Amino acid sequence: KIALSLREVHKSFGEAHIIRGVSLDLSEGERHAFIGPNGAGKSTLFHLISGQFKPSSGEILLGQQPIGGLAAERINRLGLARSFQITNIFPKLSVYENLRLGVMQRFGLQYTLWRPVSGFSRVRELTEQLLEQVRLTRHRDTLGGELSYSEQRSLEIGMTLASDPKVLLLDEPMAGMSREETDYTVDLLRELSAGRTLMIVEHDMDVVFSLCDRISVLVYGQVVATGTPEEVRSNAQVQEAYLGTEVNV
Ligand code: ADP
Ligand code: MG
Ligand code: MG
């Protein structure tokens, strides 16, 4: 079954034609990587899917439901969540409070943030679950801003998962991590993406090869190749357009 479809999606900013006819079907449970040079439009494509930008033309479907141009919160409620290229946690709130905020948003409770929520046992239960899933139980009372860099990314991924999305978009989640932190996060993502469809922008080919079932190569707003990691690696056009060249950091 198809989890997400892009059909001839275009996006222009004024005269600049940034996304130039992207069509792609992602299956349920698929882990799909986007690679490509800096400025290719990877983040823009994610913004279009998650509702930060409206497509200039073309269709985006979440399952059967057209979502192109819907508001981001609406798309989130329909089952799609994303992280951003820059970490997006609340540094002055504890790990537990950060995750609780995510869970409360899921239930439309964002305006009651500063009231006692101890009575909301469902919220508490889900927050505890998330804490464990992202392996931050021992840091429950640590302030977000005091976590290590990779723990901050784990927390951010936890907040992204709070809405229990069917489709999860992660934009360079391993950027700036050491080898060790990257390996840890790959393992965590493999676990957390089980039963979901994952779209990830990632430059580290070791990560892509060990985590993803399929890869799309985006160059100047167009998908120049899609396939398994092996297929893409041996594609001459891809090697010319991307592999072995300077990559986005
Ligand atoms: P990538 O994530 O692949 O590095 P981006 O999607 O961030 O690439 O950017 C692709 C191109 O789109 C860049 O040339 C960037 O300057 C341009 N771009 C992105 N957002 C906007 C915007 N809001 N207005 C105008 N141009 C934009
Ligand atoms: Mg970039
Ligand atoms: Mg980007």
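The chain contains nine helices and ten strands; helices (H or I, at least four residues) and strands (E, at least two) are DSSP runs, numbered from the N terminus. Its radius of gyration is 18 Å, close to the 18 Å that the globule rule gives for 249 residues, so the chain is as compact as a globular protein of that length. Here the radius of gyration is taken over C-alpha atoms, and the globule rule is 2.2 Å times the number of residues to the power 0.38. The C-alpha trace spans about 55 × 40 × 35 Å along its principal axes.

The model is predicted: local features need pLDDT of at least 70, side-chain atom pairs count only at pLDDT 80 or more, and totals for chains, interfaces and linings use all residues. Residues are numbered from 1 along each chain as its sequence is written, while chains are lettered from A and ligands numbered from 1 in the order in which they are written.

**Domains**

The domain assignment of the chain gives domain 1 (1–79 + 166–249) and domain 2 (87–164); such bounds come from an automatic or database domain assignment. Between the C-alpha centres of the two domains the distance is 26 Å. Ten residues of domain 1 are in contact with ten residues of domain 2, contact meaning that the C-beta atoms of two residues, placed from the backbone, lie within 7 Å. On the domain 1 side, helix H6 (residues 179–192) supplies the largest share, five residues. By class, that side has six nonpolar, three polar and one charged residues. In this classification Ala, Val, Leu, Ile, Met, Phe, Trp, Tyr, Cys and Pro count as nonpolar, Asp, Glu, Lys and Arg as charged, and the others, Gly among them, as polar.

**A four-stranded sheet**

Four strands form an open sheet in the order S2-S1-S4-S5, with antiparallel pairing; two strands pair if DSSP finds at least two bridges between them. Strand S2 (16–27) and strand S5 (65–66) stand at the edges with a single partner strand each, so one side of each is left without a neighbour in the sheet. The table sets out the pairings, each with one example of residues that stand opposite each other.

| Strand pair | Bridges | Opposite residues |
|---|---|---|
| S1 and S2 | nine bridges | phenylalanine 13 and alanine 16 |
| S1 and S4 | five bridges | leucine 4 and leucine 62 |
| S4 and S5 | two bridges | leucine 61 and proline 66 |

Strands S1 and S2 form a hairpin with two residues between the strands, where glycine 14 takes a positive phi near 60 degrees. The hairpin of S4 and S5 also has two residues between its strands, and glycine 63 in the turn has a positive phi of about 60 degrees.

Helix H1 (residues 42–50) packs on the sheet and touches S1, S2 and strand S4 (57–62). The direction of H1 makes about 65 degrees with that of S2; axes are lines fitted to C-alpha atoms, for helices over the stretch in contact, and angles run from 0 to 180 degrees between N-to-C directions.

**Surroundings of ligand 1**

Twelve residues surround ligand 1, the closest being Phe13, Ala40, Lys42, Ser43 and Thr44; a residue is near a molecule if its C-beta atom, placed from the backbone, lies within 6 Å of it. S2 and H1 are the elements that give two or more residues to this shell. H1 gives the most, with three residues. The shell divides into four nonpolar, seven polar and one charged residues.
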